[in-house]
Amino acid sequence: MANFFSTQNSPSHTNVASITKEQSHENHQESVDIILSELPSERGWVSDQIYQYKGTWYSSSVLQGLLVLQQQQFEPKPNSVLLASHPKSGTTWLKALLFAITNRLQHDDFSTHPLLSSNPHELVPYLESYALKHPTNPTPNTCLIQSHLAFNGLPESITGDNYKCKIVYVFRDAKDVLVSFWYFVQKLRPKDMPFISLAEAFDQFTKGYSPFGPFWDHVMGYYKASLEFPERVLFLKYEDLKKDPIFNAKKLAEFLGQPFSLEEESEGIVERIIELCSFEKLSNLEVNKEGTYSGAFSPTIANNIYFRRGKMGDFKNHLSKEMIEVLDEITKQKLGFDLMTTSVTPQQNGEVNESDKNQSN
């Protein structure tokens, strides 16, 4: 498939180089169209179709962004951090936490913090979308980036031996992911797109051909990577973050090589970051109630759609008992053990900590 994207050497003359870039972009689009025509497809939730590439289902826009990243020499900046997740797994919260933790020396005044005036998605770019909009230079000018791609869809510069990027992956109970994702796409769905019911979404989700699915393969791709490369991939559970945000914020900082000092801890910096990034705080900010965001695949998105409930277990209000049982059974079969009720710390010699195995979400 790499043959479809061979790039031409640019002559030194500026005009010719510009023409060559345009021709390369046109050739790239033709190649994408060829690839899409050859891939398996299913009905999408926001787009007409989704396409299966390397085992994962993507919209055409996401897939184009993915291919740009793989073929246009994407080079993350040194010490970059990639936040990876399946959609509706706590991405907005983690973007805020990562931004606040990694930039705490530059933004130590919490009364003027960028998160008070900017949506987290503005501060941490969505990699596939950025690549689609900047096909000849898909590298954002920031050390914090985010992606919903499956692990095997990431560019070699992130996953290869000469990596420059650490990965933080957050996952969430499949039942809450399904419900939250379904509500989210209802707000994004174009008016000319047919309505998809929760029952229809459940059917596609459990069969594995929902956007960015199969969900369980998405989780396991990063889980296995965290076992093999614990110094490069941190695997976090949304429910653990909700139960003990202070402990997990410290864990994040340690992994990123920016641990909180004793002085910072004594001054309550960790707690202040947790409060700043909380659902209650972010969802009630003017920028997130009335503002818009234009960095994703849609031209403009209202910031408030990223803040629905922020709760664990909301699925109980929307899924039938039979649906819940089906999703739980698939989770146990696909993941090998019940990650949803187990605190996972793969960094500790690949062993699983089952201290709260009997706790309910």
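Helices (H or I, at least four residues) and strands (E, at least two) are DSSP runs, numbered from the N terminus. The model is predicted, so local features need pLDDT of at least 70 and side-chain atom pairs count only at pLDDT 80 or more, whereas totals for chains, interfaces and linings use all residues. Residues are numbered from 1 along each chain as its sequence is written, and side-chain values use heavy atoms, with hydrogens and water left out.

**Figure 1. Overview of the protein chain.** The secondary structure comprises 16 helices and nine strands. Of the 361 residues, 53% are buried; buried means under 20% relative accessible area, exposed over 50%, and partly exposed in between, with a 1.4 Å probe and protein chains only. Contact denotes heavy atoms within 4.5 Å. Among contacts with a separation of 6 or more, 70% are between residues 24 or more positions apart. The accessible surface of the chain is about 16600 Å², and carbon and sulfur atoms contribute 48% of it. Accessible areas come from the Shrake-Rupley method with a 1.4 Å probe, and for residues only the protein chains shown count as cover.

Figure 2. The three strands lie in the order 1-2-3 with antiparallel pairing; two strands pair if DSSP finds at least two bridges between them. Strand 1 (41-43) and strand 3 (56-59) are the edges, each with a single partner strand, so one side of each has no neighbour in the sheet. From one strand to the next, the twist averages 40 degrees. Axes are lines fitted to C-alpha atoms, for helices over the stretch in contact, and angles run from 0 to 180 degrees between N-to-C directions.

Figure 3. Strand 2 (residues 49-53) pairs with strand 3 in the antiparallel sense over four bridges. Helix 2 (residues 60-71) packs on the sheet and touches strand 2 and strand 3, its direction making about 105 degrees with that of strand 3. Within the bridged pair, Q52 has W57 of strand 3 as its bridge partner, and I50 has S59. The two strands form a hairpin with two residues between them, and K54 in the turn has a positive phi of about 55 degrees. In a regular strand the side chains alternate between the two faces of the sheet. From strand 3, T56 and Y58 point one way and W57 and S59 the other way, and all are buried.

**Figure 4. Surroundings of Q49.** Q49 is located in strand 2 and counts as partly exposed, because its relative accessibility is 32%. Leaving aside residues up to four places away in sequence, Q49 touches S41, E42, R43, G44, S59 and S60. The side chains of Q49 and S41 are joined by a polar contact of 3.3 Å. A polar contact is a pair of N or O atoms within 3.5 Å; within protein, one must be able to donate a hydrogen and the other to accept it, and residues adjacent in sequence count only if both atoms are side-chain atoms. The C-alpha atoms of Q49 and P211 are 9.5 Å apart, although 162 residues separate the two along the chain.

**Figure 5. Strand 4 and its parallel partners.** Six of the six residues of strand 4 (residues 80-85) are buried, so the strand is largely enclosed by the rest of the structure. S80, L82 and A84 point one way from strand 4, while V81, L83 and S85 point the other way. Strand 4 runs parallel to strand 6 (residues 165-171), to which six bridges join it; in this pair L82 stands opposite I167. Strand 5 (residues 144-147) also runs parallel to strand 4, with four bridges between them, and A84 stands opposite S147.

Figure 6. Helix 3 (residues 91-102) has twelve residues and reaches 16 Å from its first C-alpha to its last, close to the expected 16 Å; the expected span is 1.5 Å times one less than the number of residues. Twelve of the twelve residues of helix 3 are buried, including W93, K95 and F99. In helix 11 (residues 245-255), the buried residues are N248, A249, K251, L252, A253 and F255. These residues pack against helix 3, strand 6, strand 7 (233-237), helix 10 (238-243) and helix 13 (269-276). G257 follows helix 11 and has a positive phi, near 75 degrees.

**Figure 7. S226 in helix 9.** S226 belongs to helix 9 (residues 215-228) and counts as buried, because its relative accessibility is 0%. A polar atom of the S226 side chain lies 2.6 Å from the backbone oxygen of Y223.
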